[in-house]
Amino acid sequence: MVPTIRFSLSPVQRWAGRLRLALSSREEFLRYVHTEGNAEGGHSWTNEDLKPSPPHMVNWKWYNFCLFWFGMGFGNWTLGSSIVGAGLTWWQATIVVWIAAFVSGTCMALNSRAAANYHVGYPVLLRTCFGMYGHYWPVLTRGACAMLWVSILNFQGGAFVATMLRCIIGKRWENLGAQFSPSVGTTLQRFIGFVLFWAIELPFCSFRPNRLRWLYTLKAWTLPPSVFGLLIYCLVQSHGHLAPDSALAGTTSTPRGAVLVWLVVSSINSTMGNWSTFIANMPDFSRYATSPSAVMWTHILCVPFPAAIGGMIGIIGTSCLQKAWGVTLWNQWDVFDAILDRSSTGPARFGVFLLALCSALYNLGVILGANLLPFASDATALFPTYFNLTRGMWFCCLVSLAFMPWKLLASADGFLAFLNGYGIFMGPTAAIMITDYWIVRRGNIEIAQAYTSMPGAKYMYFHGFNLNAVVAYLCGLMIPFVGFIGTFGIAVPKGATRCDEIGWYVSAVVAGTVYVTLCRLNPLENVDKSLAWEEQAREFAASRLEAEESNDSLGEKSDVSEKEGDGKSSKDVVVVESVV
């Protein structure tokens, strides 16, 4: 019996019905554009995505985080390019990747626990340590960078789509009648791939992380086999021989002594840029964790090992092709095109198509998890009356199309230096969040107070700013900032350049140390030292459980009505309201 596939238009019909109602009057239109709980407009501190996640959305178990990082780690084919290019050997580069990933994974675990306990995202946790108004700056800086990365990663994803089209269409794809002029900065094929990848990405903007577990599971099962398959192909081409490290690095000199030590240290810092945003971003995922333990050891173990293996595979594969073909190809889409240039047979095109498909899937997961979701989360904090997570992701995706990423990538090295050096802005933020929760507050947050700016509110501090956090952030940022300016071609002292080369570590360590010191010298008035470790977290969990059980018993007596439009039941709304 052939299964019947049914397509339902009811979601579209419901959306059209809401739109017609919104256009019926001014009041209905305002009710439509405002987020949940903000029908009257005006300044607000909350909406459906800033509140603690309701129980039905808390569905990320420990193995979901393992699969998430398993898929992310094996996509690090190009991670070793800058390290080996700087002069390190392949095994030294592998050690560098492992150390950087281990530090990153540990920081992610530490910064995820608060979100896993209180089920709130990055912006709300920032309010507790930076203040109700002080949290706007770290939110704004993360959101701006995320939008730029969405545009650039979409262009990279488009390269894989263009490769897939070349595999399907063949030589006709290479010889399209019309072409862009060289001044445009890209080819027609790459532009078509970019637009198609962007269009495929759009529907995913309607999914919150609790509905994206399947995507990261699929990526974890498809990406590693594809990467190992590409490695085997590279080994066959070179008959198992590797090119000299000097050929990959493009230099004949070998760093030794103090030069080698500094090169290793600075390479660890540059590799940290691959995960620095994730250290701050993880609360936006960890808020959906079923327990705090689900985000601890999973990050400490599952971030470094797949990352180190993925980076090592990329280095070995590139070395093999350098030995066999005499060219150094670090970008995977360049590798795929080079394979097709040498063999356009049916099996070769089919194999490259599958490899490009898996790589495009990896790019999609990175865009959603590392950029679209953070921007949307930040947009909800900046404009909670009008933006929720899905609206924020749609807005970011639509606006990113106008950035013309091929122009950004071709403009100057300074732009890429800005993105790569962005860790000095995120390092102090993550350090303050971690030390505030683990050392200063000892895991105790009165989460209801993170939604009010009334006089005397717990997290209003000094006119909405936690001065301890502000001073610590500036101290962490100032030291490497001069060197960061130097990446734009401005002459700065060599010592400043050195500080920038280890900017993430310097900014994070200084900010965290200064913050803890200031909190000892000038204790925060909203910290109750008599509370046991995470005592308020346990009370919060108990209140959620009690509210859920109360609503379960209520549901046995009467039907639970569905709230129109977002799929939430009144039961879930009551559970959320009972703890905020």
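## Charges over rings

In this predicted model, the charged end of R190 sits over the ring of F155, 4.4 Å from the ring centre. R342 lies over the face of W325. Here the distance to the ring centre is 4.0 Å.

## Aromatic pairs

The whole structure holds 42 aromatic pairs. One of them joins W69 and F278. W69 belongs to helix α3 (residues 62-73) and F278 to helix α13 (residues 276-281), so the pair ties together parts 209 residues apart in sequence. W69 is buried at 2% relative accessibility. F278 is buried too, at 5%.

F130 and Y473 also pair. Their planes stand at 75 degrees, so this pair is edge-to-face, with centres 6.3 Å apart. The pair links distant parts of the chain: F130 is in helix α6 and Y473 in helix α23 (residues 467-486), 343 residues apart. F130 has a relative accessible area of 2% and is buried. Y473, at 5%, is buried as well.

## An aromatic cluster

W69 and F278 belong to one aromatic cluster.

## H119 in its loop

H119 lies in the loop between α5 (90-118) and α6 (122-130). Is H119 buried or exposed? At 9% relative accessibility it counts as buried, because the cut-off is under 20%.

A polar atom of the H119 side chain lies 2.8 Å from the backbone oxygen of R287. R287 is also among the contacts of H119 beyond four places in sequence. Others include K51, P52, S53, V58, F540 and R544.

Notes. Residues numbered from 1 in each chain as written. Predicted model: local features only at pLDDT ≥ 70, side-chain atom pairs only at ≥ 80, totals over all residues. Heavy atoms only, no water. Helix = DSSP H or I, 4+ residues; strand = E, 2+ residues; numbered from the N terminus. Buried < 20%, exposed > 50% of the residue type's maximum accessible area, 1.4 Å probe, protein only. Polar contact = N/O pair within 3.5 Å; in protein donor to acceptor, adjacent residues only side chain to side chain. Contact = heavy atoms within 4.5 Å. Phe/Tyr/Trp six-rings, centres within 6.5 Å; stacked < 30°, edge-to-face > 60°. Lys NZ or Arg CZ within 6 Å of the ring centre and 35° of its normal.
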